[in-house]
Amino acid sequence: MARRKKIYEGKAKILYEGPEPGTFIQYFKDDATAFNAQKKATIEGKGVLNNRLSEYFMTGLTNIGVPNHFIRRVNMREQLIRQVEIVPLEVIVRNFAAGSIAKRLGMEEGTPLPRPIVEYSYKNDALGDPMVSEEYIIAFGWATQQDLDDIVSLALRVNDFLSGVFYGVGIKLIDFKIEIGRIWDGDFMRLIVADEISPDSCRLWDIKTGEKLDKDVFRRDLGNLTDAYSEVARRLGVLPAQTTHLTKPTLIN
């Protein structure tokens, strides 16, 4: 097999050159990181679960007309995606207080917010992905005002979709983050959802018990991360309902 050209390696994924122009292969690693990679571990099966779950969500978004980079899943750890120019922002949508907003504002975690709040952080690991305002974003040329209007529209549509999907399986969507990419067609540019949507990028609580089913399990040493992600996958029908703990998850095509 020919050695593939690596384009980029992040904390949880690797991008390789795709088989056709304008495509990448996105590989999901088993690595887990928290606190800007100060805490690290390898969680066997995590990459397989996130690959399949991100496929599930991106396909769902496509079905309701929300553009994204996903083309198809290649195998248990890889998916074919569109090549995009990533806007250097993490777009965060919050429905309930948790994490940094709870600390900043002295709010109890789980407090409902008056409406979904959209925040931005500048994608720069060396700086710890600092929160930035729209004024910064426009002043430094990371996005235009029209871009931001389109980004908010995309983010809220994703929020509506995810909130409904998770509510239907007894999970509360506390918050999530997405990345946005630019696709160019000649001189025409449009914005689409990129990167991934998985329990790595969402806060998910069981509606009845408040049990955490996301990366906070790893951040806060609350249990087995694969168990938490597998529970999300089972509820969504990605894993068989009767499946117990799996070191190497068995997934449904």
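How far apart are the end C-alpha atoms of helix H4 (residues 145-167), and what span should its 23 residues have? At 1.5 Å a residue, H4 should span 33 Å, and its end C-alpha atoms are 32 Å apart, which agrees. The expected span here is 1.5 Å times one less than the number of residues.

This is a predicted model, in which local features need pLDDT of at least 70, side-chain atom pairs count only at pLDDT 80 or more, and totals for chains, interfaces and linings use all residues. Residues are numbered from 1 along each chain as its sequence is written, and side-chain values use heavy atoms, leaving out hydrogens and water.

- Helices (H or I, at least four residues) and strands (E, at least two) are DSSP runs, numbered from the N terminus.
- Among the buried residues of H4 are Leu148, Ile151, Leu154, Ala155, Val158 and Leu162; buried means under 20% relative accessible area, exposed over 50%, and partly exposed in between (1.4 Å probe, protein chains only).
- An α-helix has 3.6 residues a turn, so residues three or four places apart point the same way.
- Helix H6 (residues 225-235) is mostly covered, with 8 of its 11 residues buried, including Leu225, Tyr229, Val232 and Arg234.
- The cover over the buried residues of H6 includes H4, helix H1 (46-63) and strand S12 (171-185); contact means heavy atoms within 4.5 Å.
- At the start of H6, a side-chain oxygen of Asn224 comes to within 2.9 Å of the backbone nitrogen of Thr226.
- Just after H6, Gly237 has a positive phi of about 85°.

**A lysine in strand S2**

- Lys13 belongs to strand S2 (residues 13-17) and is buried, at a relative accessible area of 12%.
- The side chains of Lys13 and Asp195 are joined by a polar contact of 3.1 Å, meaning a pair of N or O atoms within 3.5 Å; within protein, one must be able to donate a hydrogen and the other to accept it, and residues adjacent in sequence count only if both atoms are side-chain atoms.

**The sheet**

- An open sheet of 5 strands runs in the order S1-S2-S3-S7-S6, with antiparallel pairing; two strands pair if DSSP finds at least two bridges between them.
- Strand S1 (6-9) and strand S6 (70-73) stand at the edges, each with a single partner strand, so one side of each has no neighbour in the sheet.
- S6 is joined to strand S7 (residues 78-82) by 3 bridges, and the two run antiparallel.
- Arg73 has Gln79 in S7 as its bridge partner.
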